[in-house]
Structure formats: structure tokens, C-alpha cells
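Biologist: I would like to learn how to read a model of this kind. Please take one feature at a time.

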Amino acid sequence: MKRVMHVAEPFATGVLSFLVDVTRRQVDDYEIYILYGVRPLTPKNVERLFDSRIHLIRMPSFKGALGTVVNPKAYIDVYRMYKEIKPDVVHLHSSAAGFVGRWALPCGRQPVFYTPHGFSFLAGNGPALKRALYKTLERVSAMRPARTVACSKGEYEEALRLPGTPTYVNNGINTEELEPYVRPSGKTAGPVRVCTSGRILPQKNPSLFNRIAESLPGMRFTWIGEGDMRNLLTAPNIEVTGWVSRDRALGILGESDFFILPSLWEGLPISLLEAMYMKKVCLVSDIAGNRDVIRNGENGFVCDTAEEYADRIRAVADGKIDGQALAARASLDVARNYNADLMAKRYKAIYEGRTLND
């Protein structure tokens, strides 16, 4: 049986969900190894999320994105594990693992793939010099003989601007897991409920989320998650849950009417795909990843300002726009095009050097 070695520095949130779903579908065809680093958001019981046949190897030298890139031991450790495991395929996840892996490993000897899960140089709120540095690092690393496999069409279009011959496989989710949390859509008793999820940090744009809540004082807003910028969520109608179990998070999402994602940059957000499948009316920012799956006015809304988000939410809540129809189309789109089985099938084709249509 061929061996696949995944390397993931941020073993939390979207990357973690991706690896749980894709490796669950790979383990019958490959012997799977995952080199991972622990972050504050890594679940304490993370091993239990994976199939028992998967080899999970914690890497103490992985110390956050920048801390990993500047740590010489990270490069040594990745190469050492590569020599021990002798993988047939290596798959690197996110920017730090992508940089370390492409420079630590002899990429020309067997297939090496890199999935950015959201290029760091797209951070719209970051200093221009910092973003330029990140882009330079990506450009130089893209010259190594490893292939970029973007997680969305938008990320793929960014990868085309760099050296190499990238391709893409859309992120997918385990829709069966969500079925118990799907409730009939339509107006329910009580105030309209709006939610988002993720770490409260600049990428997720908490200040805009707060302005949207202030514009709709009669509605209830919930941020599922925690983070250093919690102090920006000052509107009295916002509840911050802190980190809760996945079961509880899906329960809150299931009870909500709207899901908003005003992010400044994304890869292809798992949280958005889950909300779409669960028939929430979704409103997102106009960025790659979000607009790859949301077609404005057809299966959700793409918005720019707090006023635009608020106007769309009011129009649906007042019955001026058929939110149920939008949500039904969004759910069908995910079931057809963004499911984990299709994602795993396409990665297998890439690993084996076949075209995605084989």
C-alpha cells in the first residue's frame, strides 16, 4: 500500500476539518501519516477525530506560522520523518508547512503537493511590506518541483500568478454529519438569528460584524468562537460563545436563520459550505473563496458594506426576498459540487497522476 505523508502546521479550524474528512476517505487506499503542530485552537482530543489506522505524529518544532518558518529544527524534523516514513506522496497544508516542506524535502524524487488554504499574502488588512514579503516567499518556493493544488477556483487563479503549473480541487464537507442539525427553513417564532463562526481575529473582520449587528438591533447575533479581538464585538445584541464543542456549534448554526462571513481573505471556508448545506441564508464578503461558491442573488449574497449586509437581511426577514429559495439552491450546490467524497476522489486522481476526469 502506498504511503501519503500530510504535513500540517495549523492543526485547527478549517485545515483540521479538511484533513479529518479527506483522510477518512484515503485510509482504505493509502497508509496515512500526518505531521502536525499544536496551536491553542487544536482540540485536546484531536486524535479521536481521525480513523484509528492513521498515524498522527506531533511535531514540537512547529510553533505557529512564523515560528515554524524561522525554526531550523522544523526543517530537520520534517526531513527526518520523511526519511523514516519513506512516503510515495507528500501533501503540505497551509503557508508555513508549504514553505518548510518545499525547502526541506527533495521534491523531485516523488510527488509533492502544496495546498495554501488561503494565501497569506492576500491578508487585505496587513502592512503592504509584510504582504509583499509573504508573496515573495510564495513566489520563490513555487519554483521548487512541487505542485500547488488550490482549494478553490479563486485560490487557483491566484496561484496562476506564481511559477509552476497549479491545479485545484474544491474543498468538500461530510454532508451526512450535518443531517441531524438541519431544520426546516422558514420564519420561526422569536427574533431573527444571525451567526458566524471562527477565531475572532483580523481575517474574520469582527469590526464589520459588529457594525452589522449595530444596524439590526432587533436581531440576535452570535459569534461561535473566541479570539484576541473579542473586545471589538461591543454591540449589545451580540453573544460570543467562546470555544464550544462541535456538536454545540452545529446546534447553534442549525437554530440560526442567517450566516454571515465578512472575511478579508479565505481559501474556501468549510464553515460557509456547512452553513449553505444546512440551508442558512448566507451573506459573504467579495473575496476569492467566498464568491467561488456564492452567486449573488441566486444562492446567497455577496456584500461590501455593513449597510448592504443589513439591507439584504432585512429584505429576507420581511419577505421581500425569498430566502428559502436561495437557501435551497445553496444546499443543493454543496451536495452536488462540494462534498467530501468528490474531493477525495479528485485528490486521488492528482496523487496518481491522472486527470480529474479519469
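Biologist: Is Leu 178 buried or exposed?

Modeller: Some ground rules come before the case. This is a predicted model, in which local features need pLDDT of at least 70, side-chain atom pairs count only at pLDDT 80 or more, and totals for chains, interfaces and linings use all residues. Residues are numbered from 1 along each chain as its sequence is written, and side-chain values use heavy atoms, with hydrogens and water left out. Buried means under 20% relative accessible area, exposed over 50%, and partly exposed in between, with a 1.4 Å probe and protein chains only. Leu 178 has a relative accessible area of 0%, so it is buried.

Biologist: Which residues is Leu 178 in contact with, leaving aside neighbours within four places in sequence?

Modeller: Contact means heavy atoms within 4.5 Å. On that basis Leu 178 touches Ile 173, Arg 246, Leu 250, Glu 274, Tyr 277 and Met 278. Leu 178 itself belongs to helix H7, residues 175-178. Helices (H or I, at least four residues) and strands (E, at least two) are DSSP runs, numbered from the N terminus.

Biologist: In what order do the six strands of the open sheet lie?

Modeller: Two strands pair if DSSP finds at least two bridges between them. Here the order is S10-S9-S8-S11-S12-S13, with parallel pairing. S10 (238-240) and S13 (301-303) are the edge strands, each pairing on one side only. Between S8 (residues 193-197) and S9 (residues 220-224) there are five bridges, and Cys 195 has Thr 222 of S9 as its bridge partner.

Biologist: What span should helix H14 have?

Modeller: The expected span of a helix is 1.5 Å times one less than its number of residues. H14 (residues 340-351) has twelve residues and should therefore span 16 Å; its end C-alpha atoms are 16 Å apart, which agrees. The buried residues of H14, among them Met 343 and Tyr 347, pack against elements including strand S1 (3-8) and helix H1 (13-26). After H14 comes Gly 353, with a positive phi near 75 degrees.
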